[in-house]
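Please examine the sequence and the structure before reading each solution.

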Amino acid sequence: MKIKHYHENPPTAGLPIRWHDWFARNKDLSKCIEALFNLPPLSITCSGTIALVVALKTLAKDNPNRKCVIIPAYTCPLVALAINHCGLKIILCDVAKNSFDFDFEKLALLLNDQVLAVIPTHLGGRIANVAAVKKLTISYNITIIEDAAQALGAEVGKEGDIIIFSLATGKGLTMYEGGLLTANTPELRQKIAETIRQIPRNIYWEIKRTIELAGYTALYNPLGLYFAYGIARRKALKKKI
Ligand SMILES: *Cc1c(COP(=O)(O)O)cnc(C)c1O
C-alpha cells in the first residue's frame, strides 16, 4: 500500500518562524542584532529597499547638487527602484571579470562631484572590496553606502559610511520582511533617524504585513507548504503548464 505524504520541502529561508516568536517579551530586535554582530546602533525599516531609500533621502537633503548614484551593473533590481524613487540618477559601473564587484578602473572614470553615493554590494556570499572604493571616492567627498542586504552576520560595514541590511525571505537571516541600517558617525545616524521619523505611518501596510507574517508562520513548513503550494503545483505539472 502506498502511504500518502503530506510534505513539501521549503526552500531555505533562515530559521523557521514559530508562533511563540510572536510573543517574545522584553527583547529589542535592533539591540539584539547590534550585540550579536557588534554593529553600531541600528534603525529598523520595513524592508532593505526602504533602508536604502532612507539612506539616499538623508544624503540628498544635505547635498542637493549631487544627483547621481553609482551601483554595480549586476545587482538586485530593487536597488535601482529605490534610487529612481528618490528622483536620483542611476549610473551603472561594470563589474570585474569573474566577480560581482566593481571594475575599479571603470569606477574611477565615473567619479565626479555630481555623485552622491557609490553602493558597493556584498552579493551571493562574496564580500565587496569597500576599502578600494573608499580610496577612489575620498577626494570627491562621495558617501559610500554598503549594500549588505545579503550579508547580515558577515564581516562587513567597517569601511562604508552607511550600511543597509535586509531581513527578507531568501536572505541569510530572515524574519519574512524587514530592513536595518546604520552609519559610522552619530551625526549621520541622527539624520537617518530624523528621515525615518518623517515617513508617515500607514496602518494599511501594518495590517497587511501582520497578516502576511501570520500566513508565513502558519504555512512556511513542510506540512503547510504541501497545501499552500504543492497541490496547485502538482496539478499544474500534470496539465504540463
Ligand atoms: C534583497 C536585496 C535588496 C532589497 O532588500 P528587500 O528587503 O528585499 O527590500 C537590496 N539589495 C540587495 C543586494 C538585495 O539582495
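Helices (H or I, at least four residues) and strands (E, at least two) are DSSP runs, numbered from the N terminus. The model is predicted: local features need pLDDT of at least 70, side-chain atom pairs count only at pLDDT 80 or more, and totals for chains, interfaces and linings use all residues. Residues are numbered from 1 along each chain as its sequence is written, and side-chain values use heavy atoms, with hydrogens and water left out.

**Exercise 1.** Describe the surroundings of the ligand.

*Solution.* Step 1: begin with the shell, where a residue counts as near if one of its heavy atoms lies within 4 Å. There are 15 residues around the ligand, and those that come nearest are Gly 48, Thr 49, Asp 147, Ser 166 and Lys 171.

Step 1: sort the shell by class. It holds 6 nonpolar, 7 polar and 2 charged residues, with Ala, Val, Leu, Ile, Met, Phe, Trp, Tyr, Cys and Pro counted as nonpolar, Asp, Glu, Lys and Arg as charged, and the others, Gly among them, as polar.

Step 2: list polar contacts (pairs of N or O atoms within 3.5 Å; within protein, one must be able to donate a hydrogen and the other to accept it, and residues adjacent in sequence count only if both atoms are side-chain atoms). A polar side-chain atom of Ser 166 is 2.6 Å from a ligand oxygen. For the side chain of Lys 171, the distance from an N or O atom to an oxygen of the ligand is 2.7 Å, and for that of Gln 150 it is 2.8 Å.

Step 3: consider burial. The protein buries 93% of the 380 Å² that the ligand exposes when taken alone, by the Shrake-Rupley method with a 1.4 Å probe; for residues, only the protein chains shown count as cover.

**Exercise 2.** Which helix gives the largest share of the lining of the largest pocket?

*Solution.* Step 1: define the space. On a 1 Å grid over the protein atoms alone, a cavity is a set of points where a 1.4 Å probe fits but cannot get out, and a pocket is an open set with protein on both sides within 12 Å along at least five of seven lines; lining residues have an atom within 4 Å of a point.

Step 1: identify the helix. H7 gives 6 residues, the largest share.

Step 2: sort the lining. It comprises 26 nonpolar, 8 polar and 9 charged residues.

Step 3: examine the start of H7, where a side-chain oxygen of Asn 202 comes within 2.9 Å of the backbone nitrogen of Tyr 204.

**Exercise 3.** Which strands each supply at least two residues of the lining of the largest cavity?

*Solution.* They are E6 (162–166) and E7 (179–183). Residues lining this cavity include Pro 40, Glu 146 and Asn 184.
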